[in-house]
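Dear colleague,

I am handing over the structure we spoke of, and below it you will find an account of what came out of the analysis. Please read the two side by side.

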Amino acid sequence: MIVLGIETSCDETACAIVDDARGIRANVVLSQLDEHRPYGGVVPEVAARAHLHYLDGLIRQALDEAHLDLGQVDAIAATGGPGLIGGVIVGVMTAKAMAAARGLPFVAVNHLEGHALTARLTDDVPFPYLLLLVSGGHCQLLEVEGVGRYRRLGTTIDDAVGEAFDKTAKLLGLGYPGGPLLEKAAQKATNPGRFDLPAPMKGRPDCDFSFSGLKTAVRRHVEQLGTPTEADVADLAAAFHHAVGQSLLDRCDRAIKAFKGRHPADEQGGGRHLVVAGGVAANKYLREQLAKLAAKRGLTFTAPPLALCTDNAAMIAWAGLERFRLGQTDGLDFAPRPRWPLDPTAKPMKFAGVKA
Ligand code: KG4
Ligand code: ZN
């Protein structure tokens, strides 16, 4: 079984082809960093136009790299949301057109499910597992019980964690994209314990997150410093990592307890994994911290390779394949969705500026 996947929900135009033996036949990602850099962030209209411009060529490139003809593909999957709606429309319409022209099934994939199921593509992780989903738009803890079956244990009440990285990097004058630049800066810290930043939500009796206060705390330090030197920036970046790490670990630890209570380890390997996914999962410091926590709690820690943490189409093709083999396809009347929670029963966060 071979599935072609398309990802266009944010600022990466991507096309990939995967098979049911967990093989990635092609995985092409075109980042639009240069288009958005002058604005210091993603401009939705610019993104949509760039997707439209590049997507056809990328699909051709993916097929060529996989040495496949469209006739050998069994289904077409595309991110159907959540995301910047102009971009999502470009990907969905392209996928539908290909599916209609070739008489192929079409699968609309929830972008978050793409991140959530990546650990099954890379490491064959069995259900159920505990997932920490940390990206530019989301910060959630979820029990992944099956394809399309998620129980949200916690979410952010304000900013997503990637958003906090991006905004803090901007505050520190590091530019865009913030996450990787902030990580690089922190690695140069000579006095990482110099600034004491609060670990948000630590000790709270739930599994929710909050990051807007942390960003404000960094701003105060920056204001006090006047013009931070490179050394100040490095130390602040390290303090930020430490605070985010402390917060994530505390929240995850609570979630692990709840998860273990509901899903004791089973013979098929279920109930044994802590998985991290999403762009922020590319952060080495956070990966190390989470790996230690998992080991302490007797869970196997799984984090996708860096290129499959940030947005890509292999995860969309794979989630499409998982749905397709369960007979879950979509009609050509599928409407792209700006918001699309993984757990529709979880109550939306009133003040969160996110799609949670
Ligand atoms: O999953 P993703 O590629 O796109 C969304 O679905 O949002 O996540 C992008 C986010 C951005 O906020 C980016 O700054 C962050 O992931 N990110 C990182 C790193 N690489 C990307 N954050 C921290 N450390 C990194 N190395
Ligand atoms: Zn993403």
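**Backbone and loops**

Met201 is buried, its relative accessible area being 13%. Please keep in mind throughout that this is a predicted model. Met201 lies in the loop between H6 and H7, and its phi is near 70 degrees, which is a positive value in a residue other than glycine. The loop between H6 and helix H7 (212–225) also holds Asp196, which counts as exposed at 70% relative accessibility. Although Asp196 and Leu236 are 40 residues apart along the chain, their C-alpha atoms are separated by 8.9 Å.

A positive phi also occurs at Arg22, where the angle is near 65 degrees, again in a residue other than glycine. Arg22 sits in the loop between strand E2 (12–19) and strand E3 (24–31), and with a relative accessibility of 31% it counts as partly exposed.

The bond from Gly81 to Pro82 is cis, with omega near -15 degrees, and Pro82 is located in the loop between strand E4 (75–81) and H3. Tyr176 and Pro177 are likewise joined by a cis peptide bond, for which omega is about 0 degrees; Pro177 belongs to the loop between H5 and H6.

**The zinc site**

Which residues coordinate the zinc ion (ligand 2)? The donors come from His111 (NE2), His115 (NE2) and Asp311 (OD), at 2.0 to 2.1 Å, and along the chain they follow the spacing H-x3-H-x195-D. His111 and His115 both belong to helix H4 (residues 111–123), and because they are 4 residues apart there, about one helical turn separates them. His111 counts as buried at 7% relative accessibility, and His115 is buried as well, with a relative accessible area of 1%.

Glu113 is also part of helix H4, and with a relative accessible area of 5% it is buried. Leaving aside residues up to four places away in sequence, Glu113 touches Val147, Gly148, Tyr150, Ala319, Arg323 and Leu342. From Glu113 to Val222 the separation is 109 residues in sequence and 37 Å in space, taken C-alpha to C-alpha.

Of the 11 residues of helix H11 (residues 314–324), 11 are buried, so the helix is largely enclosed by the rest of the structure.

In helix H3 (residues 85–102) one finds Thr94, which counts as buried at 17% relative accessibility. When residues up to four places away in sequence are not counted, Thr94 touches Ile6, Leu55, Asp56 and Ile59.

**Packing against helix H8**

How do H5 and H6 pack against H8? Helix H5 (residues 161–171) and helix H8 (residues 230–262) pack at an angle of about 165 degrees, and their axes are 12 Å apart. Since angles over 145 degrees count as roughly antiparallel, that is how H5 runs relative to H8. The crossing of these two helices, H5 and H8, is right-handed. On the H5 side the contact is made by Val161, Ala164, Phe165 and Thr168, and on the H8 side by Phe240, His241 and Val244. By class, these residues of the H5 and H8 contact divide into 5 nonpolar, 2 polar and no charged.

Helix H6 (residues 178–187) packs with H8 at an angle of about 110 degrees, with the axes 7 Å apart. H6 and H8 are therefore roughly perpendicular to each other, and H6 passes H8 in a left-handed crossing. Here Leu182, Glu183, Ala185 and Ala186 of H6 meet Val233, Ala234, Ala237, Ala238, Phe240 and His241 of H8. The contact of H6 with H8 has 8 nonpolar, 1 polar and 1 charged residues. Phe240 and His241 of H8 take part in the contact with H5 and also in the contact with H6.

With kind regards

Conventions. Residues are numbered from 1 along each chain as its sequence is written. Chains are lettered from A and ligands numbered from 1 in the order in which they are written. This is a predicted model: local features need pLDDT of at least 70, side-chain atom pairs count only at pLDDT 80 or more; totals for chains, interfaces and linings use all residues. Side-chain values use heavy atoms; hydrogens and water are left out. Donors are N, O and S atoms within 2.8 Å of the metal (3.2 Å for Na, K and Ca); water is not among the atoms, so sites may look incomplete. Buried means under 20% relative accessible area, exposed over 50%, partly exposed in between (1.4 Å probe, protein chains only). Axes are lines fitted to C-alpha atoms, for helices over the stretch in contact, and angles run from 0 to 180 degrees between N-to-C directions. Angles under 35 degrees count as roughly parallel, over 145 as roughly antiparallel, 65 to 115 as roughly perpendicular and the rest as oblique. A crossing is left-handed if the near helix is turned anticlockwise from the far one by less than a right angle, and right-handed if clockwise. Contact means heavy atoms within 4.5 Å. Ala, Val, Leu, Ile, Met, Phe, Trp, Tyr, Cys and Pro count as nonpolar, Asp, Glu, Lys and Arg as charged, and the others, Gly among them, as polar.
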